[in-house]
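Visitor: I have a structure open, and I would like to learn how to read it. Where do we begin?

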Amino acid sequence: MPLIDFAVRGNLAEVRLNRPATLNAINAEMDRALAQAWARIDSDPDIRVALLTGAGDRAFCAGADISDPPIAQDGLSFGGGLTGIGGRLVPLQKPLIAVVHGHVLGLGFELAMCADILIAADNTQFRLPEARAGFIDHCGVVHRAIRQLPHHVAMAMIIASEPLDAARALHFGLVNETAAMTDLAATTERWVQKILACAPLVSQAGKQAALLGLDHGLKAALDRRYPLVDAHAKTADCREAASAWKEKRVPKWQGR
């Protein structure tokens with residue numbers, strides 16, 4: 001059985017963590033498989049959206065597999081490069097939706113926070129178990145948590161392993177939407193279609209500019225140039241946008 005399931009449905013790439021017996025804990029082989037999936041997604045112009053889920057009913061991901069942890073081989077980091085732990089940070093260019101449920105722990109929590117859109121089942125429990133368990137390594141998850149949550153909420157998770165349920169995560173803006181498990185598929189499909197209705201190269205350019213700009217103050221972010229934004233002016237989709245507006249019709253995006 002593969003450690004991750006990878007499938008392409010139209011312009012959507014679906015990645016599913018597939019170790020339900022271990023609550024989808026990520027080991028070294030799984031980390032490499034994820035890295036290959038992200039690379040394939042970014043290299044295929046027909047893939048416009050990526051969807052990350054976890055198999056089984058109990059957990060999206062219980063974190064790193066302590067018996068066989070990811071070790072950043074070949075410059076990869078935990079989670080296949082998205083998280084930036086123990087190796088180079090390799091952000092995904094394409095929009096990423098993560099759909100989580102049940103236990104979302106440690107590295108699994110960080111992987112979820114790497115998503116651009118985060119959907120949580122109403123039974124979701126986010127948690128950083130390190131303080132309770134008594135171990136800590138690179139622990140890059142704390143750097144995302146302190147940036148994506150209110151300070152004291154994040155600190156309670158970091159220093160006291162305080163859990164965060166789906167309702168409070170929605171309240172604090174960590175997740176975009178919550179849903180009952182029975183409604184999760186429909187909620188996910190609605191978000192997929194929202195993104196697919198948009199110009200893919202504009203979504204990618206906007207994502208790149210927003211994330212790169214975070215490394216600078218506002219003035220510097222406004223002053224710098226962004227490669228995908230500059231490149232968009234010469235694309236077929238840019239010309240299609242102008243034609244569709246002039247002809248008062250719905251544009252047909254090619255992602256090129």
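Visitor: What covers the buried residues of H4?

Guide: Keep in mind that this is a predicted model. The cover over the buried residues of H4 includes H2, helix H3 (130–133) and helix H5 (151–160).

Visitor: Which residues of H4 are buried?

Guide: Buried means under 20% relative accessible area. In H4, Val-141, Val-142 and Ala-145 are the buried ones.

Visitor: Why do the buried residues line one face of the helix?

Guide: Start with the general idea. An α-helix has 3.6 residues a turn, so residues three or four places apart point the same way. Now the case here. Look down the axis of H4: its buried residues fall within an arc of 95 degrees, so they line one face.

Visitor: Now charges. How many salt bridges are there in the whole structure?

Guide: A salt bridge needs a side-chain nitrogen of Lys or Arg within 4 Å of a carboxyl oxygen of Asp or Glu. A search of the whole structure finds 12.

Visitor: Which residue forms a salt bridge with Arg-144?

Guide: Glu-110 does, and the closest N and O atoms are 3.5 Å apart. This pair links distant parts of the chain. Glu-110 sits in helix H2 (residues 107–113), Arg-144 in helix H4 (residues 141–148), and 34 residues separate them.

Visitor: Is Glu-110 buried or exposed?

Guide: Glu-110 has a relative accessible area of 1%, so it counts as buried.

Visitor: Where in the chain are Lys-219 and Asp-223?

Guide: Both are in helix H9 (residues 218–223). They are four residues apart, so about one helical turn separates them. Lys-219 is exposed, at 61% relative accessible area. Asp-223 is exposed too, at 52%.

Visitor: Which residues do salt bridges with shared partners join into one network?

Guide: Arg-9, Glu-14 and Glu-189.

Terms used: Residues are numbered from 1 along each chain as its sequence is written. This is a predicted model: local features need pLDDT of at least 70, side-chain atom pairs count only at pLDDT 80 or more; totals for chains, interfaces and linings use all residues. Side-chain values use heavy atoms; hydrogens and water are left out. Helices (H or I, at least four residues) and strands (E, at least two) are DSSP runs, numbered from the N terminus. Buried means under 20% relative accessible area, exposed over 50%, partly exposed in between (1.4 Å probe, protein chains only). The arc is that of the directions from the helix axis to the C-beta atoms. Contact means heavy atoms within 4.5 Å.
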